[in-house]
Amino acid sequence: MNHLTLKDYLGPYDDDRITPEVRQNGERLVAIVNVVLAAAEADGVELHIDPDTRTHIGGNGNGGVRPLDSPVGAKHSAHKRGTGIDPYDPFRELARWSLRNIERLKLLGIRAMENPRWTPTWVHWQSTPLSSGNFVFIPNATPPLAEALPEQKSTELA
């Protein structure tokens, strides 16, 4: 069962600001994420629809792809390359499942995720690895937005 479509991912930015390369990256990412969401759901994770986007993508239209001129996010963020997505996770169940299943995520095509302390109602996954080689990463220098989850016991996950 598909949970997301490319149209969901492109959201309000399905226009000429999205290059063919970014659109192709988005297609690949949506295919990966649908497999991951199905695996999480099969393991008992309840998936939720964000009331703002009416999809499994969190945010107000910026949890999927973002155009290069978007003021949201870093200049070269995974969202602006079509390789990052923020599934909606209001109860942090998907974040907890992700931390317990890092090797499985890697096998399915997820190459990095933001530390859940910085993603209180969403999970950030991306299909491109970080140059640091870290899987779980801190996205910026702002203070954490949420408490550490029980699964965040090691230094890498804290």
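The side chain of His 56 reaches the backbone oxygen of His 48 at 3.0 Å. This is a predicted model, in which local features need pLDDT of at least 70, side-chain atom pairs count only at pLDDT 80 or more, and totals for chains, interfaces and linings use all residues. Residues are numbered from 1 along each chain as its sequence is written, and side-chain values use heavy atoms, with hydrogens and water left out.

**His 56**
- His 56 is found in the loop between α2 (20-42) and α3; helices are DSSP runs of H or I with at least four residues, and strands are E runs of at least two, numbered from the N terminus.
- His 56 has a relative accessible area of 13% and is therefore buried (under 20% relative accessible area, 1.4 Å probe, protein chains only).
- Not counting residues up to four places away in sequence, His 56 touches His 3, Leu 4, Leu 47, His 48, Ile 49, Asp 86, Pro 87 and Tyr 88 (heavy atoms within 4.5 Å).

**Sheet**
- An open sheet of 4 strands runs in the order β1-β3-β2-β4, with mixed pairing (two strands pair if DSSP finds at least two bridges between them).
- Its edge strands, each pairing on one side only, are β1 (84-85) and β4 (136-137).
- Strand β2 (residues 112-114) pairs with strand β3 (residues 125-126) in the antiparallel sense over 2 bridges.
- Ala 112 stands opposite Gln 126 in β3.

Technical notes. Buried < 20%, exposed > 50% of the residue type's maximum accessible area, 1.4 Å probe, protein only. Polar contact = N/O pair within 3.5 Å; in protein donor to acceptor, adjacent residues only side chain to side chain.
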